[in-house]
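Subject: Structure handover

Hello,

The structure you asked for is below. My notes on it follow.

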Amino acid sequence: MPKIPDEVVKRVIDLAKIEDVVGDFMNLRKAGVNLTGICPFHDDKHDGNFIVRPSSIPEARHGNTYRCFVCDHKGGPVQFMMEHQRLSFPDAIRWLGKKYNEPVDDIPLNYTPPPPRPKPAPLPVLEIPRSYVRRTMEIGGDQTLFIYWLKHLPWDDEQRARLQQTLWQYCVGGWKDGRVVFWQIDHNGIPRAAKLMRYLPDGHRDKTQHPGWIYNQDGCRQQLEPDKHEIIKPLFGSHLLKRYPKAVVNIVESEKTAIIMANYYDNFDSQIWLACGGLKFLQLDSLQPLIDQGRTIWLWPDKDGREAWQTVCDKLGYDHCRVYTHFFDTCWREEDGDKADVADIAIRMMKTGDKPRQAPEQAATAKSQEAVLPLGANLPLEPVEWNNDVPFMDLDEMNDPRLRLWRETLRQRYNFNKSKQ
Ligand SMILES: [Zn+2]
């Protein structure tokens, strides 16, 4: 049998994409940048051990390969065909040549590619009833350590007076065990997820506990059935996009930071603050709704997160997205520490009464940075009127008399009395 010329082998190998080849024989599920499936090489019951690194990932980072972390079968498209279909090396090349329309030789292949497998029906996306949001918002105030801490920050009078409304805007709720509930409601106003976090009295997150998710809590799990749904996690505060269609979108890491900055400025019409939940959670797909709306996006990473977010920004390739560094460049001090986020600096400045230095040359070089007000700027404060709408609710629910009563109760409960402060 004549040998297949080396250059033909090379051409076929260059064309073969592991995700297509493996995908011809088994179902793969997207998991971040990778794909996973049930390993075909051992008695696997758990989807997650068998990882496919798609061909879009560079070779140096094991792109275009598969690997099972239990039985350690691994390799590229050719190895997969040899192992999975028990083909010889030349037959694997012939099979791939046929798949990718690359002529190999005249030797007939005694194997025909399988018919494409029917893809499993996509799972419905989890949609959490709005009544859940309401119920968590009934628990608040001093029962939730985070809100208690937030109320006792050194706000000025106006900031303090509007704090409850800011929490209202973000639909911040509480859980019966004192954890705070950060709702992730999408840009269409549909609640998709809620993160439950425990805070310490000093305003730091209790790092001994992982954040919980509402659909995994007892009682909720049975009703929401997270296993039967695809779960999406919109940016925290996404529901504000609809309400403030012209606002610049500032994205920070933590929900806490978003709330503090929003309450500091209270200029929702021109700027809203969203949070992705952490350095590593700024995902391209969660930014898609912002891009679709043509929003100007400013990324405000923590002090130690600039490079990582610059990389995300570069990958995004969206002209109206920038990493905003002006604030750190002008306001950060050594005492804020190397892991400081903008809210840490804001709180320190509230305490000391510091105002940021202006750096006009920077504002001039980056024209759009002018759109972001420097912290401590004298903002014209308009009287804040209590707004009856919960940001994401539709009209039917607004007319529900029980809801009106509930809203009235909340309003009374949170009406700050300055003499008591
Ligand atoms: Zn395996």
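Which residues do ring pairs link into a cluster? They are Phe146, Trp149, Tyr170, Phe182, Tyr199, Phe236, Tyr244 and Phe268. Rings of Phe, Tyr and Trp (its six-membered ring) pair if their centres lie within 6.5 Å; planes under 30 degrees apart count as stacked, over 60 as edge-to-face and the rest as tilted.

Before the rest, some conventions. This is a predicted model, in which local features need pLDDT of at least 70 and side-chain atom pairs count only at pLDDT 80 or more, while totals for chains, interfaces and linings use all residues. Residues are numbered from 1 along each chain as its sequence is written, and side-chain values use heavy atoms, with hydrogens and water left out.

Aromatic pairs
Searching the whole structure gives 23 aromatic pairs. Trp213 and Tyr215 have ring centres 6.2 Å apart and planes at 10°, so this pair is stacked. Trp213 and Tyr215 are both buried (buried means under 20% relative accessible area, exposed over 50%, partly exposed in between, with a 1.4 Å probe and protein chains only).

Helices 1 and 4
Helices (H or I, at least four residues) and strands (E, at least two) are DSSP runs, numbered from the N terminus. The axes of helix 1 (residues 6–15) and helix 4 (residues 89–99) come within 9 Å and cross at roughly 55°. Axes here are lines fitted to C-alpha atoms, for helices over the stretch in contact, and angles run from 0 to 180 degrees between N-to-C directions. Helix 1 and helix 4 are therefore oblique to each other (under 35 degrees is roughly parallel, over 145 roughly antiparallel, 65 to 115 roughly perpendicular, and the rest oblique). On the helix 1 side, Val9, Val12 and Ile13 meet Phe89, Ile93, Leu96 and Gly97 of helix 4, where contact means heavy atoms within 4.5 Å.

Helix 10
Helix 10 (residues 255–265) is mostly covered, with 11 of its 11 residues buried. Among them are Glu255, Lys256 and Asn263. Asp266 follows helix 10 and has a positive phi, near 50°.

Positive phi in loops
Most residues other than glycine have a negative phi. Asn64, in the loop between strand 3 (50–53) and strand 4 (65–68), has a positive phi near 60°. With 18% relative accessibility, Asn64 counts as buried. Arg86, in the loop between helix 3 (77–84) and helix 4, has a positive phi near 50°. Arg86 counts as exposed, at 74% relative accessibility.

Regards
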